[in-house]
Amino acid sequence: MGFANYSEESGSMDPHQHAEEIVFIVDSKNGWVRFGENPDDLGEPVTLTKGMTLHIPPLEWHVFEYAANGFVDIIFFYGQVDQIRPEEINKENN
C-alpha cells in the first residue's frame with residue numbers, strides 16, 4: 001500500500017507495468033489514466049474522479065497523466081509484495 005501524487009511539481013510519469021494493483025483516487029483535477037498492451041499504444045484517456053476505484057491486472061501497461069495545473073492523488077494496493085516488478089515476475093516464470 002502506498003500514496004502517490006502526480007502533478008507538475010512531482011513530474012510526469014512514464015508508462016509502466018507491475019503486479020496486480022488496486023488504485024483508489026483520493027482526488028484529481030484534470031487527470032486521467034490510460035491502459036494498454038504496450039507502452040507505445042495506450043488506449044483512450046479515462047477521466048479520473050475523486051472516489052473512483054481502478055483494478056489494474058498484472059503486467060498491464062498504464063500511466064497516470066494530467067493537464068496543465070492538474071493533478072492526480074492516489075492510494076495504491078498491490079495484491080502481493082514480492083515479485084512485483086516485471087523483471088522479477090518474468091524471472092520467476094522461466
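**Entry 1: Ile74.** I began with Ile74 in this predicted model, and, leaving aside residues up to four places away in sequence, I listed what Ile74 touches: Gly2, Phe3, Ala4 and Tyr6, then Val23, Phe24, Ile25 and Val26, and also Phe64.

**Entry 2: the core.** I next looked up the largest nonpolar core, which has 17 residues, and I noted that Ile74 is among those with the most contacts inside it, together with Tyr6, Val23, Leu48, Leu54 and Phe64. The largest share comes from β5, with seven residues.

**Entry 3: β2 and β5.** Turning to strand pairing, I looked up how many bridges β2 and β5 share, and in which sense they pair.

**Entry 4: β2 and β4.** I followed β2 to β4 and found that these strands also run antiparallel, joined by four bridges; here I noted that Ile22 stands opposite His55 in β4.

**Entry 5: β2 and β3.** Last, I checked β2 against β3, a strand made of residues 46-47, and found two bridges joining the antiparallel pair. For Val33, I looked up the bridge partner in β3, which is Val46.

How values were computed: Residues numbered from 1 in each chain as written. Predicted model: local features only at pLDDT ≥ 70, side-chain atom pairs only at ≥ 80, totals over all residues. Heavy atoms only, no water. Core = buried A, V, L, I, M, F, W, Y, C linked by side-chain atoms within 4.5 Å. Buried < 20%, exposed > 50% of the residue type's maximum accessible area, 1.4 Å probe, protein only. Contact = heavy atoms within 4.5 Å. Pairing = 2+ DSSP bridges.
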